[in-house]
Amino acid sequence: MVQKFDKPILTPSQTAGPYVHIGLAPEACGIEDVPFETLGREIAGPEAKGDRIKITCRVVDGGDLPLRDCLVETWQADAAGIYPGQEGADPAVSGFGRMPADFTTGEITFETIKPGAIALSGDRKTPPHISFWIFARGINHGLHTRMYFPEDDLSGDPLLARIEHRDRIATMVAEATGPGEYRFEIRLQGAGETVFFDI
């Protein structure tokens, strides 16, 4: 007897599991002999124009514990505020990063250049920022947020202007820890929960 499929049923969604590292960052699992180059290792090459910066971040759950098996991807403009692929973009800046957390500390550290302000219509500009996309166990759909820099004026950002609870903007601003060094904590829930975007 042939089964009729008048109305397909929804299959259960799955968490990222261990496969996120095997497929996206195999070297983090100790797999060195892979038939492809891991994407996102170098965001800005040595020839990139602009100020070099170092960012250390952590993804923290509702119990204030770091997610030691998460992975983040980043996307940014070059020092002139131009994204890769656009006319005039710095060829030494790929703009894309992919970094797994340290399995012991949960910290993610990477180096890049500080992005410039991005031109919008008219004279408006978006302040320098780096976009983060978070993958982790228990997160069925990646989470998207931004990291802004504490020394920049954020008042003209049209995206931040849409955040009703103004005090929560601080959850997207990194902490300066030294010359050219920043710390950014992404809180998934609870007090100080980071603002995430529905995209």
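Let's start with the disulfides: the count is zero, where a disulfide is a pair of cysteine sulfur atoms within 2.5 Å. Take Cys57, which is in no disulfide. The nearest cysteine sulfur, in Cys70, is 7.4 Å away. That is too far for a bond.

Before I go on, a word on the source. This is a predicted model, in which local features need pLDDT of at least 70 and side-chain atom pairs count only at pLDDT 80 or more, while totals for chains, interfaces and linings use all residues. Residues are numbered from 1 along each chain as its sequence is written, and side-chain values use heavy atoms, with hydrogens and water left out.

Back to the cysteines. Are they buried or exposed? Cys57 is buried, at 0% relative accessibility. Cys70 is buried too, with a relative accessible area of 0%. Buried means under 20% relative accessible area, exposed means over 50%, and partly exposed is in between (1.4 Å probe, protein chains only).

Next, Val60. It sits in strand S1, residues 52–60. Helices (H or I, at least four residues) and strands (E, at least two) are DSSP runs, numbered from the N terminus. Val60 is buried, at 0%. Val60 and Cys70 are 10 residues apart in sequence, and their C-alpha atoms are 9.9 Å apart in space. What does Val60 touch, leaving out residues up to four places away in sequence? Its contacts (heavy atoms within 4.5 Å) are Leu65, Pro66, Leu67, Glu185, Ile186, Arg187 and Leu188.

Now the sheet. Strands of a sheet pair through backbone hydrogen bonds, either parallel or antiparallel. Here, four strands form an open sheet in the order S3-S2-S7-S8, with antiparallel pairing. Two strands pair if DSSP finds at least two bridges between them. S3 (96–100) and S8 stand at the edges, each with a single partner strand, so one side of each has no neighbour in the sheet.

Let's walk through two of the pairings. Strand S2, residues 71–75, is joined to S7 by five bridges. Glu73 has Trp133 in S7 as its bridge partner. S7, residues 129–135, pairs with S8 over six bridges. There, Phe132 is partnered by Thr145 in S8. How many of the six residues of S8 are buried? Five, so S8 (residues 143–148) is largely enclosed by the rest of the structure.

There is also a hairpin. S9 (residues 175–178) and S10 (residues 181–187) pair in the antiparallel sense over three bridges. Two residues lie between the strands, and Gly180 in the turn has a positive phi of about 70°.

Last topic: salt bridges. The structure holds eight. A salt bridge is a side-chain nitrogen of Lys or Arg within 4 Å of a carboxyl oxygen of Asp or Glu. Asp64 forms one with Arg187, with the closest N and O atoms 2.7 Å apart. This pair links distant parts of the chain: Asp64 is in the loop between S1 and S2, Arg187 is in S10, and they are 123 residues apart. Asp64 is partly exposed, at 45%.

Asp152 and Lys114 meet at 3.1 Å, N to O. Lys114 is buried, at 17%. Arg146 and Asp157 form another bridge, at 3.6 Å. Arg146 lies in S8 and Asp157 in the loop between S8 and S9, so the pair ties together parts 11 residues apart in sequence. Both are buried. Finally, salt bridges that share partners join Arg58, Asp64, Glu185 and Arg187 into one network.
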